[in-house]
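Here are my notes on the model, as numbered points. Please read them alongside the coordinates.

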Amino acid sequence: MDFNARMSHQFRSQSNGNNGNRGKQQPNDSDAFMRLPDREIVGCISEIVGNPGDIGVSFSLEDLHKPNPQQIQKVFEWLAELLMNTTRETVEPAMRAAAEDVCGEHMEVVPADTRNLMGFYVSLRRLLIECGITDFSFSDLLKPTYDRLVKIFSYIINFVRFRESQTATIDENFNKVETTKSRIETYYIENQDMDTRLDEMKRERKSMEVLAKEKTKRNEELKARLLELKKGQERIAERLEKVKSEKGRLTGQLEAKTERCLGIRQESEKLKPYVLQSPAALQQNLNELSDNLARDRSQIDGLEKRSRALQTSSDTFGVVSNDVSSCTKVLEEVSNELQKEDEENLKAAKHRDALSERGNNVREVERHEAMLQRQLKRWLERTDGVRNTSKEKADGAKTKMEELRSIHKRLTEERGEKGREMERRRVRIEQTEKKMADLKENIENEVHAAHDEYLKMDSHIKLYITEMEQSM
């Protein structure tokens with residue numbers, strides 16, 4: 001029913017166009033299926049445009065039959081903005097940049113309006129190629145004609161109707177694409193953040209490695225110094241033990257000899273009365289005492305020498321003890337440094353653990369990034385599959401459209417043949433009806449003539465009978 005109604009509208013629009021626009025080119029049979037009536041085109045454009053104040057122009061049948069280039073350009077611009085979001089203003093930056101690249105300082109050679117119109121023409125031509133108009137030219141904008149506008153607007157309106165019929169699929173695919181784009185942008189931003197964090201962690205790791213190397217080097221130096229101090233402490237302790245043992249031994253010998261000297265003096269005091277009694281014995285005792293005294297003196301001198309040596313050793317021991325105390329303080333300082341070093345090592349170990357944990361996080365981020373890359377690749381493959389499927393569907397629709405066009409052409413030819421046959425039959429019927437009317441008229445005339453003759457014969461017969469009766 002729709003097809004027949006459309007065909008009836010089509011033939012009515014063609015008959016109206018032929019009656020109102022004689023001398024214009026007839027539409028091709030291939031475009032007849034897509035061609036719409038003038039009133040339908042004007043109504044659809046008015047409905048699409050909406051309020052005339054939105055674009056500053058109205059559109060009527062008079063505008064379609066006698067097109068104005070400025071008005072037609074505004075209508076095309078509004079349709080391109082509706083379908084592609086493209087106007088002269090949107091193409092102006094790109095065209096200005098192209099003019100600067102091509103003309104340089106002499107970019108004013110090409111006026112801005114002409115430049116923007118050329119850019120808009122390229123975008124509009126791409127849209128019309130998608131709509132099925134492959135022969136769109138610049139003259140359609142500058143010198144539009146009635147037939148060309150009817151064809152172009154018919155294709156655009158059919159494209160808009162097809163687009164509205166596929167709104168659910170288009171919105172679904174568009175939402176999927178937008179969702180994929182937003183996810184890709186989100187993943188890209190997260191990837192950038194992760195890269196920034198990774199770079200910061202790498203820099204921190206390098207600085208921590210430098211600090212750890214310095215701490216390790218200092219720790220090794222302190223360990224070596226501590227080992228040397230421990231060895232010196234052990235040597236000093238051994239020497240101190242030897243000196244202490246020697247001091248104890250010499251102190252024991254000094255005490256023993258002091259006791260012995262006191263005992264000898266006590267014995268000499270005891271022997272004094274006996275010495276006074278005998279000079280010879282006294283002399284002998286004196287000699288013995290002198291000898292003993294000399295020996296005692298020599299022993300005392302030896303002991304004094306040893307005492308001085310022991311004092312010197314004691315002083316040396318004091319110095320050594322001061323050295324040992326200083327070494328002990330140094331060892332305490334070293335132990336404190338070692339404790340601090342251990343704390344630093346613990347901190348370094350914590351930092352190493354944190355660094356390893358961050359490395360694990362980095363590896364997790366890299367793994368997540370690889371997974372996201374794989375998901376992005378799958379989404380791109382799915383998008384390519386959807387695009388290929390859409391392309392295949394479009395090709396199928398185009399093939400179906402070609403088939404419908406061929407069917408329409410065949411039906412148009414058959415309709416034309418049937419119309420011509422019906423015209424011939426109508427002429428024959430009219431001729432037959434005319435012949436029948438003439439024949440009917442002739443028959444009626446003959447009937448009237450026969451009736452007149454009958455009346456004449458009847459009157460003659462009656463007259464003859466009357467004459468016969470009178471004669472008889």
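**Notes on the helix 6 and helix 10 contact**

1. The crossing of helix 6 and helix 10 is left-handed; that is, the near helix is turned anticlockwise from the far one by less than a right angle. Helices here are DSSP runs (H or I, at least four residues), numbered from the N terminus.

2. This is a predicted model, with local features requiring pLDDT of at least 70, side-chain atom pairs pLDDT 80 or more, and totals for chains, interfaces and linings using all residues. Residues are numbered from 1 along each chain, and side-chain values use heavy atoms, without hydrogens or water.

3. Which residues of helix 6 meet helix 10? They are I72, V75, F76, L79, L82 and L83. Across from them, helix 10 supplies L149, I152, F153, I156, F159, V160 and R163. Contact means heavy atoms within 4.5 Å. The residues of this contact divide into twelve nonpolar, no polar and one charged (Ala, Val, Leu, Ile, Met, Phe, Trp, Tyr, Cys and Pro are nonpolar; Asp, Glu, Lys and Arg charged; the others, Gly among them, polar).

4. Overall, the protein has twelve helices and zero strands. Of its 472 residues, 21% count as buried (under 20% relative accessible area, 1.4 Å probe, protein chains only).

Definitions and conventions:
Helices (H or I, at least four residues) and strands (E, at least two) are DSSP runs, numbered from the N terminus. Buried means under 20% relative accessible area, exposed over 50%, partly exposed in between (1.4 Å probe, protein chains only).
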